[in-house]
Protein chains: 2
Amino acid sequence: MNGLPNEALTQVAAYFQALAEPTRLQILNYLREKERNVGELAQLCGYTSANISRHLTLLTQHGLVTRESRGNSAFYKIADPAVYALCDLVCGSIGRQLDRAAEGRAMFAGAPVAPAVATAPAAD
Amino acid sequence: MNGLPNEALTQVAAYFQALAEPTRLQILNYLREKERNVGELAQLCGYTSANISRHLTLLTQHGLVTRESRGNSAFYKIADPAVYALCDLVCGSIGRQLDRAAEGRAMFAGAPVAPAVATAPAAD
DNA sequence: TTATTATTTGCGCAAGTAGTTAAATAGTCA
DNA sequence: TGACTATTTAACTACTTGCGCAAATAATAA
């Protein structure tokens, strides 16, 4: 991504933007198992169909999912498996970050890092 | 990322959000070469130092860069190399998407797909 | 001390966005 | 045809965010 023109950066940013929303990640998470229609996803996520429909439109526009109309329902499924690789990378980064935070807390608490739960009186 | 609790999804979304901004991607791009201070980045990006400083604060909070105060300047450098892996993945996805779009256009235009200059920003 | 430079922060504006309800659209079935 | 269901779109509200300007803070130099 070195000598990318400005327009490319905008594209990449837009792609990340599509993933930068908890509800959309939740949708992608449910689609990991199998394709689902709008109403189903709405119920699973706990939002209105209208809202989920718009999220799905956005994900479709960015090529993350594909839509297939069947009967009077619209079924969506994952189009770009790279999504999960991305999420795994991010989870790894966040994990390392939390580890560092735990170390930091341990320095003050004088307690071992492992127990985790008991280690956080002051943080977050 | 399968059975993630809702809170985790929010964390992941926030991480993606940090990358979902062209200016911040530009900053990360410049930091790829070497560490730089705020004013330098501001000049390179064409924004005020105030603006860049805020972006750097956000990137720091998400563990993407680290700050080191030296003299009366603040030098920033990449803290999480995963950033570039993420960007490469996204570039790949966008590239494939553009390829598909080119195929689609070719079906109408009757033109070969290969030549296209815009076929793929791809990756390093 | 004061002056100078670099960075950060408070504030306001403009633009973008997630969510709702209600209306419009599309497909199925009698 | 009309009734019914599923999805999409429109209109709206509340909230977030990128930006610049100006003031505040921090470090160096005179």
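In chain B of this predicted model, helix H2 (residues 22–33) packs against helix H4 (residues 49–61) at an angle of about 80 degrees, and the two axes run 10 Å apart. Axes here are lines fitted to C-alpha atoms, for helices over the stretch in contact, with angles running from 0 to 180 degrees between N-to-C directions. Helices (H or I, at least four residues) and strands (E, at least two) are simply DSSP runs, numbered from the N terminus. The angle makes H2(B) roughly perpendicular to H4(B); the cut-offs are under 35 degrees for roughly parallel, over 145 for roughly antiparallel, 65 to 115 for roughly perpendicular, and oblique for the rest. On the H2(B) side the contact comes from B:Thr23, B:Arg24 and B:Ile27, and on the H4(B) side from B:Ile52, B:His55, B:Leu56 and B:Leu59. A contact means that the C-beta atoms of two residues, placed from the backbone, lie within 7 Å. Sorted by class, the contact of H2(B) with H4(B) has four nonpolar, two polar and one charged residues. Ala, Val, Leu, Ile, Met, Phe, Trp, Tyr, Cys and Pro are taken as nonpolar, Asp, Glu, Lys and Arg as charged, and the others, Gly among them, as polar.

A few words on bookkeeping. Residues are numbered from 1 along each chain as its sequence is written, while chains are lettered from A and ligands numbered from 1 in the order in which they are written. Since the model is predicted, local features need pLDDT of at least 70 and side-chain atom pairs count only at pLDDT 80 or more, whereas totals for chains, interfaces and linings use all residues.

B:Val38 sits in helix H3 (residues 38–45) of chain B. Leaving aside neighbours within four places in sequence, B:Val38 is in contact with B:Ser49, B:Ile52, B:Ser53, B:Leu56 and B:Ala74. B:Ala74 is 36 residues away along the chain, yet the two C-alpha atoms are separated by 6.4 Å. B:Val38 has 18 C-beta neighbours inside 10 Å, so it counts as partly exposed. The scale calls a residue buried if 20 or more other C-beta atoms lie within 10 Å of its own, exposed if 12 or fewer, and partly exposed in between.

Turning to the core, the largest nonpolar one holds 51 residues, and A:Val12, A:Phe16, B:Phe16 and B:Val90 have the most contacts inside it. Such a core is a set of buried Ala, Val, Leu, Ile, Met, Phe, Trp, Tyr and Cys residues joined through C-beta atoms within 7 Å. Helix H1 (residues 6–19) of chain A gives the most to this core, with seven residues. Sequence neighbours within four places aside, A:Phe16 is in contact with B:Phe16, B:Leu19, B:Ala20 and B:Val90. Over in chain B, helix H1 (residues 6–19) has 14 residues and reaches 21 Å from first C-alpha to last, close to the 20 Å expected at 1.5 Å a residue; the expected span is 1.5 Å times one less than the number of residues. B:Leu9, B:Val12, B:Tyr15, B:Phe16, B:Ala18 and B:Leu19 are buried in H1(B).

Between the chains, 37 residues of chain B are in contact with 35 residues of chain A. H1, H2 and helix H5 (82–109) of chain B each supply at least two residues of the chain B side, and H5(B) gives the most, with 13 residues. By class, that side of chain B has 22 nonpolar, 10 polar and five charged residues. B:Ser93 is found in H5 of chain B and touches A:Tyr15, A:Gly63, A:Asp80 and A:Ala82, not counting residues up to four places away in sequence. With 22 C-beta neighbours inside 10 Å, B:Ser93 counts as buried.

As for chain A itself, there are five helices and three strands, following the pattern α-α-β-α-α-β-β-α along the sequence. Buried residues make up 27% of the 124 residues in chain A. Among the contacts in chain A with a separation of 6 or more, 37% are between residues 24 or more positions apart. A:Ile78 lies in strand S3 (residues 73–78) of chain A and, sequence neighbours within four places aside, is in contact with A:Leu28, A:Leu31, A:Arg32, A:Val65 and A:Val83. A:Ile78 is partly exposed, with 17 other C-beta atoms within 10 Å.
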